[in-house]
Amino acid sequence: MLVSLAFGLLGLATQAFTLATIEAKGSKFFLSTGEQFYIKGAAYQLTDSDPLADTQQCQLDAALMKTLGANSIRVYHVDPTADHDGCMSAFSDAGIYAWIDLDTFSTYIIATQPAWTQSQYSAYQKVMDAFHNYDNVAGFFVGNEVLTTGANSIAAPYVKAAARDMKAYRDNKGYRTIPVGYSAADIAQLRPNLQNYLACGTNSSEALDFFSLNAYEWCGSSSYDVSGYVFLQQNASDYNIPIFFSETGCNTPDPRLFQDQSAIFGNEMSGTWSGAIIYEWIEETNNYGLISYGPSAAATATGTGVVAGYTRTGTPTPISPDFENLSSQWATLSPSGVSMAAYSPSNTPPACPSYTSGVWEISGNVALPTIGQAVSVHSSTATATGSSSRASGSSSGALVAQSTGSSSGTATSAGSSSAASSAGAASSASSTASSGSIGIRNPVGNFISQFTQHWYGKLVEGLLLVAIL
Ligand SMILES: *[C@@H]1O[C@H](CO)[C@@H](O)[C@H](O)[C@H]1NC(C)=O
Ligand SMILES: *[C@@H]1O[C@H](CO)[C@@H](O)[C@H](O)[C@H]1NC(C)=O
Ligand SMILES: CC(=O)N[C@H]1CO[C@H](CO)[C@@H](O)[C@@H]1O
């Protein structure tokens, strides 16, 4: 408060200072006022590049989100060079926090050709620089659904390295301790290894600040036991960092009832989980919208605000009954949690999972790659054939392109809707096609074929071990 007052007096503040900030302590999020914070959010990506640059649009959406009972948005891609003051203040005025992905179409970590390079690091920094000063930024993601198979586990150290470096960057710059985490695809084969890996180890500077899951397991009228949530809870009950649903809202069958919210915010899970972000705000081809800006148009239609067959600007209209169903669920669900002062975290980091061929191909707590180590982007071998170009994603097909032959359909989760599980990832998958040409080099510069992924994974481990000696 003193700090914001000082900035205000000096005329340095360009944004609203009206909301309590959010921080992580132990396995929970807290407001700076001391109350536990539970996320009630909507995925918000109206345009490919940045939905937080159109103030008037944000004002319209924030006002309706407030009536929904939301306190958070999740934004997958932003343009760090745009002016976000208007949008961030519109959401702040509505009591809404932003969870922001640091990656973009051209910078995200690719599981089958994992890399954490200086150019990725610089790009992530620019996003953090652009957003850290808004009090209603709640957290940053270093990746979304990077891993979708057991073989992809070779990419996990790169995700963890990205988090390590972005946390260090945040702290070195003196930024607020905005939590840095990851948003995982709900893949039964990876559960709970990935979740444990990203939190494991005794050095908290190298672990994530939170873990989140894009889960579409609870469809229609189901229950805590039948949906599979009981296992999600079992896997998370001793977790030492906050965990939440970074996407949820299975849409088969129609209409959506959002009954899972009563488990997430109820006795079964609210002692462990920190809430949920519903996929997604805008209605588009994938049929997950909570609102619409007008009837759908031809896929090829052009016109003001029309992209890929949907109007993406204007006055949002609730999609009935989904919007009302969610709103009425949330209205009854307000766990009080614990106060920050009364909470003494007691959970310790999970053990780093051991190597299991095809399931988890990282041996325990390997040394993390340094920036640029082992892998870099090359420009001569293109294989990607991604088909989706929508930022907010609409097909699991695009994910297949990203994962070079691994079947995303079967890999995706215990849920019945694999397309849904990759909805967010589909957004980034398309960039594989547009960014073109990606190859891998080892640290001494030898080019390694992208068809040797499994062998390469072993090589990375070997090199990491060598690096320690
Ligand atoms: C913890 O990790 C950070 C980041 O890698 C490193 O700088 C620091 O030396 C580590 N601390 C210990 C005690 O190993
Ligand atoms: C984690 O969940 C899986 C199902 O996804 C289950 O088979 C496993 O037993 C759970 N592990 C723990 C430790 O509860
Ligand atoms: C929980 C909830 O609000 N359910 C409602 C969702 O919409 C259907 C169809 O209008 C209603 O029948 C449910 O009561």
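Before I turn to the structure, one term: I call a residue buried if 20 or more other C-beta atoms lie within 10 Å of its own, exposed if 12 or fewer, and partly exposed in between, with the C-beta atoms placed from the backbone. Helices (H or I, at least four residues) and strands (E, at least two) are DSSP runs, numbered from the N terminus.

What you see above is a predicted model, in which local features need pLDDT of at least 70 and side-chain atom pairs count only at pLDDT 80 or more, while totals for chains, interfaces and linings use all residues. Residues are numbered from 1 along each chain as its sequence is written, and chains are lettered from A and ligands numbered from 1 in the order in which they are written.

Let me start with the whole protein. The secondary structure comes to 15 helices and 16 strands, and of the 469 residues 53% count as buried. Two residues are in contact if their C-beta atoms, again placed from the backbone, lie within 7 Å; of the contacts with a separation of 6 or more, 79% are between residues 24 or more positions apart.

Now a word on confidence, which is given by pLDDT, the predictor's own score for each residue, from 0 to 100. The protein averages a pLDDT of 80, and 76% of the residues score at least 70. Over residues 375-469, however, the pLDDT is below 50, although this stretch has 225 contacts in the model beyond near neighbours in sequence. Residues 1-16 also stay under 50, and for them the model has 15 contacts beyond four places in sequence. Where pLDDT is low, the predicted coordinates should not be read in detail.

With that caution in mind, let us look at helix α3, residues 85-93, where C87, M88, S89, A90, F91 and S92 are buried. The buried residues of α3 pack against α2 (55-68), β4 (72-75) and β5 (97-101), and just after α3, G95 takes a positive phi of about 75°.

That brings us to α2, which has 14 residues and reaches 20 Å from its first C-alpha to its last, close to the 20 Å expected at 1.5 Å a residue, where the expected span is 1.5 Å times one less than the number of residues. Which residues of α2 are buried? They are Q57, C58, D61, A62, M65 and L68. These residues lie on the same side of α2, because they cover an arc of only 125° around the axis, the arc being that of the directions from the helix axis to the C-beta atoms. On the other side of α2, Q56 and T67 are exposed. What covers the buried residues of α2 includes β3 (39-43), α3 and α10 (322-331), and α2 is followed by G69, whose phi is positive, near 95°.

Finally, the ligands, for which a residue is near a molecule if its C-beta atom, placed from the backbone, lies within 6 Å of it. Around ligand 1 we find R164, N203, S205 and E206. The residues around ligand 2 are A188, R191, P192, F231, Q234 and N235, and ligand 3 is surrounded by P255, L257, P321, N325, S328 and Q329.

N286 counts as buried because it has 20 C-beta neighbours inside 10 Å, and its C-alpha atom is separated by 9.3 Å from that of N251, 35 residues apart along the chain.
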